[in-house]
Amino acid sequence: MSDAVETDRRLLTVTDLRTTFSIAAGDVQAVRGVSFALDRGRTLGIVGESGCGKTVLARSIMRLNLGSNVTTTGTAEFAGRDLLSLPMADMHEMWGMELAMVFQDPMTSLNPLVRVGRQVTEHLRQHLGVGRAEAARTAVDLLNEVRIPEPEARLKAYPHELSGGMRQRICIAIALACEPALLFADEPTTALDVTVQHQILNLLGREQRERDMAMVLVTHDLGVVAGRTDDTLVMYAGMVVEQAPTGSLFEEMRHPYSEALLRSLPRTSQVSHTRLAAITGRPPDLIDPPSGCAFSPRCPYVQPRCREEVPPLSAVDDPDHRFACWTPVGSPEGMAAFARNVAEGLPQAVAVDLTAPSSTGSGGAS
Amino acid sequence: MGTFIAKRLVRLVGTLLAVSFLTFLLVNLLPGDAINALIPIDAQQDREFVEQIREEWGLNDPMLVRYGRWLGDAVQGDFGDSIVTSRTVSSEIFHRLPVTAELMLVTVGLSVMLAIPLGVMAAYREGTRLDQVISGIAQVFLSIPGFVAGLLFIYVFAMKLGWLPATGWNRLSNGLLDNLRTVILPALSLALIEIAVYTRVVRSDVMNTLQEDFVLSARAKGLSDRYILFRHCLRPSSLTLITVVGLNIGTLLGGTVVVEFLFAMPGLGKRLLDAIFQRDFMMIQGITVFVATIYVLVNTAVDLIYMLVDPRIRKAD
Amino acid sequence: MAGTGKAHLRPEGDVLIRVEDLVVEFPAGRGRTVKAVSGISFDIVKGETLGLVGESGCGKSTTGRALIQLPSPTSGSVRHGFVELTELSDEAMRRRRTDIQMIFQDPISSLNPRRTVGEIVAEPLRVWGPKGAAEQKALVDRILDAVGIDPDLARDKRPHEFSGGQCQRISIARSLVVDPELLICDEPVSALDVSVQAQILNLLEDLKAEYGLTLVFIAHDLAVVKNVSDRVAVMYLGKLCEVAGPDELYANAAHPYTALLLGSIPEPDPSAAVDEDLVDDGELPSPINPPSGCRFRTRCPQASELCADEEPQMREVLPGHHVACHHPLVAVAGQ
Amino acid sequence: MPLFTRLCLGWLVAIVFGAIFADLIPGLQDPNYQGFLFGTSATNEPPSLTHLLGTDNNSRDILARIVYGARVSLVVSMTAVIMGTVCGGFLGALVGFVRGKTDAMIMASVDVILAFPGLVLLLTVVTLLGRRDLLVIATVVGFLSIPPYTRVARATALAVSRREFVMAARAIGTRKRTILIREILPNCLPTLMAFALVNAAVIILLEGALAFLGLSVQPPTASWGNMINAARVDLRINVWPAVWPSLALVFTVYSLNVVGDHIRRSKAVRSAAL
C-alpha cells in the first residue's frame, strides 16, 4: 500500500481500530489496533487462523458486530466519512449501496423460508425504490452475471433447493446488486469443496475487475490469498504482524508467524511424507494477552526483548513491506536468535529445525 | 407432499382408533363398574335384576365385541345415550360445543394477538427495561392457574365493580355485546397462562432467529430493522408458535373444564364434570373421545400448516 | 471413471484388508436410495497409509465406516486377513474392533463431555484390556504421553477444557491404547487450524512408525492426503477414479477428475498463476440418481458417447498407477 | 445466583421442609381442628396473632391447612417427577438409542396417551378408579407423567446418539448396554432435569385444578386446590380463605419457574462453552 498513490483512488483508511467484547470471563480484545488503507479496485487479503480477529475486523468496519457488549474504537474513513462515527440511519444507506458483504456459510446466510427472488432484490427495492417488474428483470440479469443457469426458475426456488456453490453465487449476486464500492468477502469458500471454491474465487475476481470494486478477502488459507489478492495483511492475536504486497510477502516472509504459517502448510509441490514444520503451542488468550509480542511464546526466534516490548509495525528496506518483529526472518538478528534458541534446545525452535539430524521427535507439545 | 399428507392421514386414523379404544378400555376395565351407576346400591342385592340390566346394556358381551359395536355407532355420530338424562350423548355434545368452542377461540385469539407483538418487542429490545418488564409479567402470568385468575376476576369485576356478570352464559344469538360480557372473564382467566407461554416462545424464537447468519446478511444489505424483524424473522419464528398453540390446545381443553365449572357455563367441560359426578359412563366416554379427537385433529392440522409454511419440510419426505 | 474393476488390487500376501465390490446404500424416503458407495474395490497393505480423497458426498467417509461395519455395507466383501468381516455376527465383529480403530473429524464431539480424559482413554481397556486399575492407569499414561498430552495435568479434566488439537490427540490416544493394527482416520484434521493440523499430521506419522500402524486416511484436502499417504485413491460420487502412489498421481494425473481437483487447489505461491481457464461450472449430480456409465461424464471435458454407455474399468496406465477412464490424460501402457 | 432467584429457592425449600416436618412445627395447629365446636375460635376470622392467616368457614386454622396442603402438592409433583424421569427417561433414552420396531411401538403408545388433553384424561381415570386418596392420585398423575418424559428423553437420546463419541464407543467395541448407560443416559440427564422442574410446576397446577373441581384428595384432607374451592362459596363474606392458598400456589409455581429458568440459562451458557 504505497503512500504515493493519488489520494482520490483511496477508498478506505482504517486507523487504530480496536474491538472488545465484554463477557462474563472478562474483556476479549478481539482486534487490538489495526491500521491499513485500501484503494479503489484493489483486493486486500486478510489472513490468519481462527480467533485471530480477521472476521471481527471486517465486521467492525461494517459496523455489523451486534450486541450491547461490543466496543469499537478508532476510525474507518470510507470515501471521506468515518464509518465508525456515522449515525445508524446513514449506515443503513451505506449497507448494500456502498459496502456489501459475502459470508462464510451460504447455507445459513440466506433465509430458508424466503424465495431466492425476493432475497436478491429486496434491498434494491428498499434502497432505490425500484418497482417489482424492474426488480425482477434486474434479478435475472444478476443471476446471469454470476453464471447461474435458468435464472427465472432459480428465482422462484427456495435456498435449500440449490447446491452450496449456487447459494454462494446467489449471495454474491445479492452483494453486487447495488454496485457497491467495497465488498467484504468473509471466508467465502471455506464451506465449499475445492472445485467449487475455484469457481467462486474466479467469479469474485472477475466481478471485482469489471466493476473496479475494492475487495477485502478474509481467509485462513494462504493459498487463497496468494493467487487472488494485491496486498495481504497477516493477523495474529488481534494485531497485524505483517503487511505487504502479496508478491513481496510470499517472496520474502519477514515475520516468524507468517513464515511458520506457510511452512506448516502441506503443499502438493512437496514430495510425499515431507515433514511439516508445525507451530507448537496454541494461540494466546485474548482476555489476558501476553506482554510483549503475542507470538513470542510460540516463536522459534524469540528473544528476551520480545517477551517485554511489543514490536511496532514498521518497514525496513521496502517501504511497502511492514512487519512487527524484533528479530525478523532473514535478518542477521533473526538468524542469530534462531541459532541461539536451537543451541539452548528451545522446543519451538528444535521442532522447526529441519536441518538438524535428529528431527524425528514429535513436533507438537501443545 | 401428497405422500406426506397421505401418511399423516393414515397416522391420524390410527391414533383416533387407539384413542377411542383406550377410552373404552378405561371406562370398561377400571374398578367402578358401570352397574354402580345404573342401579342404586341397595337394588344391586337383587341378582336377577342386575343380570337383566347387564344383558339389556350388553355388558355381558366380550369387550372387543362391545367396542366394535360402540365404534360402529360412534363413526356414524352415535355415541350412545346418557344413562342419566337418556338424551343421546351426541346431541348433548352438539348442544354444548358452541360454548366451549367460542371460549377457546376467544382465548387463543386474544393470546396470540397480544403475545406476538409483546414477544417480538421483548426480543428486539433484549436485555433492556422493556424486555425485563415483559418477561417479568410473562413469568408471573405463567404461574396463575385459570381458577385463581377466574376467582380474582369474579371478585374484582363482578363483586366489587359490578361491571360484568360473575356466572352464566348469553348465547351469541342474544346479541354480540351480551355474549361478549359473559365470555370475556372466562376467556381472560384462561388467557393469562397462554399469553405468557406464547410470549416466551415468540421472544426466545425471535431472539434465536436474530442470531442467524441470514439476519446479519439482511442487515449488511441495508434493510431496515422493522423489515428484517417482520419480513425475515417473524416467519421462521412463527413455526414454533404454531406448534406450541397446537400442543397447548390440550391444556386449554383441560382449562375450559375448570373455568366452565367456576363460571357456571353450559359448555362441554361442565357437561363432562356433571357426567363424572353422576357416574354417567356413556357420557364420560363420549365426551372424552370427542375431546381427544378434536385435539388430535387440531394437531394434525398444525402439522399440515407447518408444512405449508416451511418449504424445507414440503420438499423432504 | 466411476469405474469398477479390480486391476489395481495387489496380490495376496501383505494385504491386511481387501475390499471388493463394496456397495453402501441408504434409504432416502419415498422408496428411493442414496447410492453412497457403488461397487468399489481396494486393498490395504500392512504398514502403508492409504489416502482416500474426494469432495463432500463422494462416499469416502461411508467407505471408511463400512470397513468397521458401522453400518455394515449393503453388499460386497471386506476381508481382514482370512476373516470376512461382513459375515461376522455383531458379537464377533465387536470382538474384532480392537484390531481396527477409528478417529473422527470433530475432535470435540467425539469425546463424551461428561467424562474425564482418564476415563475416556481407559474406556477401550475397560472393554478389552487388563482389568487391574494400576495396569490400566499405566497404559493410559503411557499413551497420553505418546500423543503429547501430559497425563498428570489431563487425567481428571473434561474435554471442554482442551483445545481442538488437544482433543484430537486424546481421540488418537483412545484408539491406540488397545494397540490396533489399522487406524481409520476420517477427516482428522479438517476441523483444525493450519498450525495445529501440522502438529497432528506429524504426530500420526510418528505414531505410525512407533506402533507399526497401517492407516486409512480420509480427507478432502489433496495436499494433506499427499503428505501422509503411500497410495492415494481418488473417489467421485461413490466410485473410484484413480489409484496411484502420491508423487506419481500428483505429477501425472490420468483421470480428468483428478486433474480438475489438482487444478483447483489454491497454491500458496503467487508466481503459480491461477488457472482461470479451468472450465468447470458443473455441479455434483445427485447420488440418488447418478449418471449412467462414467459418473463424472456430466462434468468431464473429455466425455464421449462411450462414457455414457459404458462404465470404464480400472486399468493400469503406468506401473502401480491405475485409472478408470475411457479417455485418460496419460497414454495407457501397452496400447 | 441473583438475590431474587435465591428468595424463590428459599420459598421452595421452606415449602418442602414445612410439608415434611409439619407435625414437628411448634405452635402449628391441627389442620382439622374446628375451633368453633369448642368455642376456641370463630369461623372466618381475619388474620390475628392466634391464627396468623385467619380461619376458614369451618373455623380451622388456614396456616396449618396450607402447610399440610403443601404435602399433597409435594407428594404428587415428586411422584410425577420421579416416575417420569426414572421410567420415562430410561424408556425414552432406550428407544431413542436402539431405534427400530421397539421405538416405533413405544412411541406410538406414548403418542396415544399424549393425544388426550392431560386434565381430561386425569379426570376420567380418577373418576373411574373411584378412590381418591393421596396414594391413588399420586400414582395416576405419576403414570400419566411417563409419556412426556419419554418423548423428551427420546429426542435428546436421538441427538446424543448422533454425536461422534457414540460412534467412537461403538468403534471401540463397547457393548450397546454399556453405551446406553455410560454415554447416552448421562448426556440426557441435564435436559431431563430441566424438564422436570418445569413439569413439577405443571403438575402442581394440574393437581390444583383437580382439587378445585373436588376430584383430588377428599376433604377434610387439606390441599390448596380444595381450600380455594371451599372458600369460593364465601367469597362475599371473607376473601382470606381464598387468598392465602391461592398465593401459596402461585408463589410455589412461580418460584419453580424462576429457579428452572435460572438453571436452564446457566446450563445453556455451559453447553455453549463446550
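Visitor: Which elements of chain D have the lowest and the highest mean pLDDT?
Guide: This is a predicted model, and pLDDT is the predictor's confidence in each residue, from 0 to 100. Among the elements of chain D, the lowest mean pLDDT, 76, belongs to helix 2 (residues 35–38) of chain D, and the highest, 93, to helix 3 (residues 62–98) of chain D. For chain D as a whole the mean pLDDT is 87, with 97% of its residues at 70 or more.

Visitor: How many helices and strands does chain D have?
Guide: There are 10 helices and zero strands in chain D. Along the sequence its pattern reads α-α-α-α-α-α-α-α-α-α. The C-alpha trace of chain D spans about 80 × 45 × 30 Å along its principal axes.

Visitor: What is the mean pLDDT of chain A?
Guide: Chain A has a mean pLDDT of 89, and 95% of its residues reach 70 or more. Residues 1–5 of chain A have pLDDT below 50, and beyond near neighbours in sequence this stretch has eight contacts in the model. Residues 357–366 of chain A also stay under 50, with 21 contacts beyond four places in sequence. As for scores of the model itself, ipTM is 0.84 and pTM is 0.86.

Visitor: Now the chains together. Of the five pairs of chains in contact, which share the most contacts?
Guide: Chains A and C share the most. Their contact involves 54 residues from chain A and 47 residues from chain C.

Visitor: How is the size of an interface often given?
Guide: It is often stated as the accessible area lost when the parts come together. Chain A and chain C bury about 4200 Å² between them, and 48% of that is on carbon and sulfur atoms. For chain C and chain D the buried area is about 2200 Å², with 55% from carbon and sulfur atoms.

Visitor: How far apart are the nearest C-alpha atoms of chain A and chain D?
Guide: They are 10 Å apart, and the two chains do not touch.

Visitor: Salt bridges next. How many are there between chain A and chain C?
Guide: The general idea is that side chains of opposite charge can pair when their charged atoms come close. Between chain A and chain C the count is one salt bridge. It joins the side chains of R275(A) and D206(C), at 3.0 Å from N to O. Between chain C and chain D the count is three. R182(D) and E123(C) form a salt bridge there, at 3.5 Å from N to O.

Visitor: How many does a search of the whole structure find over all chains?
Guide: It finds 51 salt bridges. One of them, between D231(A) and R42(A), has its closest N and O atoms 3.2 Å apart. This pair links distant parts of the chain, 189 residues apart: D231(A) is in strand 9 (residues 231–236) of chain A, while R42(A) is in the loop between strand 2 (26–39) and strand 3 (43–47) of chain A.

Visitor: What about empty space inside the model?
Guide: Rolling a probe the size of a water molecule over the atoms shows where empty space is left. Here the count comes to 10 cavities of 30 Å³ or more. The largest cavity has a volume of about 170 Å³.

Visitor: Which residues lie nearest the centre of the largest cavity?
Guide: They are M101(A), C171(A), I174(A), S217(B) and K221(B), out of 20 lining residues. The lining divides into 11 nonpolar, seven polar and two charged residues. Helix 9 of chain B gives the most to this lining, four residues.

Visitor: Where is P71(C) found?
Guide: P71(C) is in the loop between helix 1 (60–67) and strand 4 (75–80) of chain C. The peptide bond from L70(C) to P71(C) is cis, with omega near -5°. The bond from P219(D) to P220(D) is cis too, with omega near 10°. P220(D) is in the loop between helix 8 (176–212) and helix 9 (224–232) of chain D.

How values were computed
Residues numbered from 1 in each chain as written. Chains lettered and ligands numbered in written order. Heavy atoms only, no water. 1 Å grid on protein atoms, 1.4 Å probe; cavity = no way out; pocket = protein on both sides within 12 Å on 5 of 7 lines; lining within 4 Å. Points joined across faces, edges and corners; volume = space filled by probe spheres on them. Helix = DSSP H or I, 4+ residues; strand = E, 2+ residues; numbered from the N terminus. Nonpolar A, V, L, I, M, F, W, Y, C, P; charged D, E, K, R; others polar. Contact = heavy atoms within 4.5 Å. Buried area = accessible area lost by both parts, 1.4 Å probe. Salt bridge = Lys/Arg side-chain N within 4 Å of Asp/Glu carboxyl O.
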